[in-house]
Amino acid sequence: MLNCTKLVTVTGYINNLPTLSGSTLRLYKRPFNEAFEETPMLVAVLTYVGYGVLTLFGYLRDFMRQWKIEKCQNATEREEQKDFVPLYQDFENFYNRNLYMRIRDSWNRPICSVPGAKVDMMERVSHDYNWTFTYTGRVIKDIINMGSYNYLGFAQKAGTCQEAAAKVLSQYGAGVCSTRQEMGNLDKHEELEKLVARFLGVESAMAYGMGFATNSMNIPALVGKGCLILSDELNHASLVLGARLSGATIRIFKHNNMQSLEKLLKDAIVHGQPRTRRPWKKILILVEGIYSMEGSIVRLPEVIALKKKYKSYLYLDEAHSIGALGPSGRGVVEYFGLSPEDVDVMMGTFTKSFGAAGGYIGGKKELIDYLRTYSHSAVYATSLSPPVVEQIITSMKCIMGEDGTNVGKARVQQLAENTRYFRRRLKEMGFIIYGNEDSPVVPLMLYMPAKIGAFGREMLKRNIGVVVVGFPATPIIESRARFCLSAAHTKEMLDTALKEINEVGDLLQLKYSRHRLVPLLDRPFDETTYEETED
Amino acid sequence: MVAASQISGAAPKPPLQPSFGVHQNTYSDLFYRIKMNVGVAHSEVNPNTRVMNSRGMWLTYALGVGMLHIVLLSIPFFSVPVAWTLTNVIHNLGMYVFLHAVKGTPFETPDQGKARLLTHWEQLDYGVQFTSSRKFFTISPIILYFLASFYTKYDPTHFILNTTSLLTVLIPKLPQLHGVRIFGINKY
């Protein structure tokens, strides 16, 4: 059983240095500082009051729309069809038309330039409270982009990557017009896969056209009926879909909670499959490197220790952490100083840090050869487009330093500096920030539904683009704004952004932090959770 | 969350109970499937099930009832017994409408419509009975009833009103009436 020794440092953070019982092996070679400050009670009460008021007004407006006092802007059934069985249930749309519509202008904003550190946006106005938008024709220029997953700043329209991609575009064209197994296997793809394998430190790798499809198409190839998947609570939709498509049994453990994972592993091995008590064919643990909504980093040393102890397999989704963590950008495995051989399946995407599109899976040669034959992506999906492949190759070589310059290393360092600086400044200002100190994803808590819309709009007025998220995508009292830092952000840009965030924070009274940090293992989630069961 | 953990009675019964006496906990022997969640930060299939367990919900609810009572007491036409009976009746009416009459979820869930015909009470904690939230929301109308009976000095008219109102809100909470629609009322 893993137990932890906790040290409270000067800043009040709790350094968690777990030790394996019976030996003094230190699993973590560096401090692991993660904090999720609990919602203040007053704020929670006011959030519920806010949602309550919105619900009551929603009912009132629905009543007025039904009795034709107010014009209904939604699609409705025709008069002749009123006696038929309804096609849709309007209550399911309640939240959409009464809450989401009010603040809809914070999402789906059309941008019209490359999403680098600064971005141009088309200006939209709405004259009927966000039911329809019209473009004024003006383009808002040079908005500081705090929302794009551009961790290393490779989303550029000029530079070596772009030139190489343009050259390949003129040589190979844009489309591949076939799948990997038919006529779509270019020499560029082979070059890319060798490079990815070298970058990760694994034997072999395979690249796919879409990051989401990598997860959803390959997990079914790896596990099937009679296998067990242990998946983290906050896993991405692609992992959840892949797990569901595979037909394996899925059990969820509490987010980043190693006690919960160990309990599940023990139960699985002791009790076996549900009715027959046979041993599970395979146990696969699904975790992500950085969880993009929380900003937390997986406790990889403990997961690997558990995996080895209970002889299960590990599938690590490094979508947000590849290129963003580690001294040379090799991801979360390098960040913790572990060996890539301990992770059975290393998956990642090229969308975030490499400025391209697509995903990859790396691992042992037998595994990748098996996936080349049996994965749905390989058989049915079109392969990566050549200029995109060239973008990945150039950016990966840049990160590795093989293009002869120090640019890649400088970018990785700049990102780490930006992360530390930004997080420290926000905490000093008094905002509640979730997640690990080293993760470039910074969720800033907003809590109340009105503040979600207000924050998005105020930041846009001040020329900063942010992504805000609310219920039901997050738990009801944990709406947040999510900042994604980039190596392309200069210190001046960050200072400008911080100044504006400070102003908006004072205006909207967002500085809730009392520096009462919750111990890392007691996350403010329900202790008693009930899962949906099949009857 | 803190309140929920303070009032925890018997361990929640898992919905599947085999006839032989095998020790069960909530994780082992319950196999379930996660459905696809697009654009969500958690793999919770139906967020409605967890809303009543969130931090501060019970306090907000108690404060809401208190606020209602204060507003009713401030109206000069109502005597104290009338104000209490009105609080009780309006609270039970609100609870009946929002917990036992309205069905489904106000947002689209990835559970393919399983919860569409269920009231909010039936959706709580995915149908597991005797959880802390359920106990809290069963006990609170009873406490309100005690207070109303006391302050109306057990007057017969008030008694009838309060008792019928309490019964309308207690009977749907019985586990035997989970998913039951009498005379097909409110079925679809």
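I began with strand pairing in this predicted model. Strand E16 (residues 441-445) of chain A and strand E19 (residues 480-484) of chain A run antiparallel and are joined by 5 bridges. Strands here are DSSP runs of E with at least two residues, helices are runs of H or I with at least four, and both are numbered from the N terminus; two strands pair if DSSP finds at least two bridges between them. For A:Leu444 I noted A:Ala481 as the bridge partner in E19(A).

Which residues cover the two faces of E16(A)? I found A:Val441, A:Pro443 and A:Met445 on one side, A:Val442 and A:Leu444 on the other, all buried. Buried means under 20% relative accessible area, exposed means over 50%, and partly exposed is in between (1.4 Å probe, protein chains only). Because 5 of the 5 residues of E16(A) are buried, the strand is largely enclosed by the rest of the structure.

Local features need pLDDT of at least 70, side-chain atom pairs count only at pLDDT 80 or more, totals for chains, interfaces and linings use all residues, and side-chain values use heavy atoms, with hydrogens and water left out.

Next I looked at A:Ile250, which lies in strand E8 (residues 249-253) of chain A. With a relative accessible area of 1%, A:Ile250 is buried. I also checked A:Leu230, 20 residues apart from A:Ile250 along the chain, and found their C-alpha atoms separated by 6.0 Å.

Then chain A as a whole. I counted 15 helices and 19 strands in chain A. The radius of gyration is 24 Å, close to the 24 Å of the globule rule for 535 residues, so chain A is as compact as a globular protein of that length. That radius is taken over C-alpha atoms, and the rule is 2.2 Å times the number of residues to the power 0.38. The C-alpha trace spans about 65 × 60 × 60 Å along its principal axes, and 58% of the 535 residues count as buried.

From the UniProt record I noted "domain: Aminotransferase class I/classII large" (unreviewed entry) at residues 141-501 of chain A. In the model this span is 43% helix and 17% strand, and its end C-alpha atoms lie 19 Å apart.

Last, confidence. Over residues 1-38 of chain B the pLDDT is below 50. Where pLDDT is low, the predicted coordinates should not be read in detail. The model scores ipTM 0.83 and pTM 0.85.

How values were computed. Residues numbered from 1 in each chain as written. Chains lettered and ligands numbered in written order. UniProt positions renumbered as here; feature names shortened; annotations may be inferred. pLDDT = per-residue confidence, 0-100. Contact = heavy atoms within 4.5 Å.
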